[in-house]
2 protein chains.
Amino acid sequence: MKKLSAPEQDRFFEDFPAFSPTDNKEGAKASFKFDDFNEAFGVMTRIAIKADQMDHHPEWFNVYNKLDITLTTHDVGGLSEKDVELATFITKIIPENQG
Amino acid sequence: MKKLSAPEQDRFFEDFPAFSPTDNKEGAKASFKFDDFNEAFGVMTRIAIKADQMDHHPEWFNVYNKLDITLTTHDVGGLSEKDVELATFITKIIPENQG
């Protein structure tokens with residue numbers, strides 16, 4: 001597992017506009033809003049199954065219909081291909097208008 | 001829905017020692033640690049189903065095997081009987097040694 005290069009990181013934030021760099025520059029964060037808790041937790045469950053399959057887990061905060069997700073790869077102190085894979089999945093299952 | 005009285009709040013924190021007052025004194029927070037993400041998210045799922053049945057939802061943060069939960073009732077600006085019910089459920093399903 002390697003840390004994304006600077007150009008790869010730039011590409012990450014272009015490819016996944018819902019995400020922006022975390023304050024410490026070691027991760028990518030996004031906030032989503034859903035119709036209600038049921039929908040938010042349904043999305044969380046899909047991400048949880050994917051994350052556990054990958055053995056690569058998000059940091060996330062939820063209250064009612066809001067979900068904040070931070071992706072980072074602690075082993076490399078930044079973003080890695082695993083974060084690209086998880087961001088790809090998240091972006092696929094969350095419609096754009098909820099970003 | 002009424003805010004718990006001061007004696008009722010004291011009783012809350014005696015009955016649920018995993019919880020302590022939030023900094024703003026309007027809620028109760030607890031941190032739990034599990035064997036892995038699978039176990040943490042399993043517990044979250046049980047709490048989510050209960051919360052949605054009650055229409056009373058936690059604020060929570062999860063990363064891998066760690067889970068931070070805050071209970072509060074925004075409508076009363078503090079703890080209510082709904083928080084007692086949710087704390088009772090959480091305490092019942094999370095073994096003490098994981099508090």
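Me: Which strand does β1(B) pair with, and in which sense?
Reply: β1(B) pairs with β2 (residues 28-33) of chain B in the antiparallel sense, over two bridges. Strands here are DSSP runs of E, at least two residues, numbered from the N terminus. Two strands pair if DSSP finds at least two bridges between them.

Me: What kind of model is this?
Reply: This is a predicted model, where local features need pLDDT of at least 70, side-chain atom pairs count only at pLDDT 80 or more, and totals for chains, interfaces and linings use all residues. Residues are numbered from 1 along each chain as its sequence is written, chains are lettered from A and ligands numbered from 1 in the order written, and side-chain values use heavy atoms, without hydrogens and water.

Me: Back to β1(B). What stands opposite P21(B)?
Reply: A28(B), in β2(B).

Me: What is the strand order of the open sheet?
Reply: β1(A)-β2(A)-β4(A)-β3(A)-β3(B)-β4(B)-β2(B)-β1(B). That is eight strands with antiparallel pairing.

Me: Which strands are at the edges?
Reply: β1 (20-21) of chain A and β1 (20-21) of chain B. Each pairs on one side only.

Me: How many bridges join β3(A) to β3(B)?
Reply: Five, and the two strands run antiparallel.

Me: Now the interface. How many residues does each chain put into the contact?
Reply: Chain A gives 15 residues and chain B gives 15 residues. Contact means heavy atoms within 4.5 Å.

Me: What area is buried between them?
Reply: About 1500 Å², with 69% from carbon and sulfur atoms. Buried area is the accessible area (1.4 Å probe) that the two parts lose on being put together, summed over both. F37(A), F41(A) and W60(A) supply 36% of what chain A buries against chain B, more than any other three residues.

Me: Which element gives chain A's side its largest share?
Reply: α2(A), with seven residues. Helices are DSSP runs of H or I, at least four residues.

Me: How many salt bridges cross over?
Reply: Zero by the rule, which asks for a Lys or Arg side-chain nitrogen within 4 Å of an Asp or Glu carboxyl oxygen.

Me: And aromatics: how are F37(B) and F41(B) arranged?
Reply: They are stacked, 5.8 Å centre to centre with 25° between the planes. Rings of Phe, Tyr and Trp (its six-membered ring) pair if their centres lie within 6.5 Å; planes under 30 degrees apart count as stacked, over 60 as edge-to-face and the rest as tilted.

Me: Why are F37(B) and F41(B) about one helical turn apart?
Reply: Because they are four residues apart in helix α2 (residues 37-54) of chain B.
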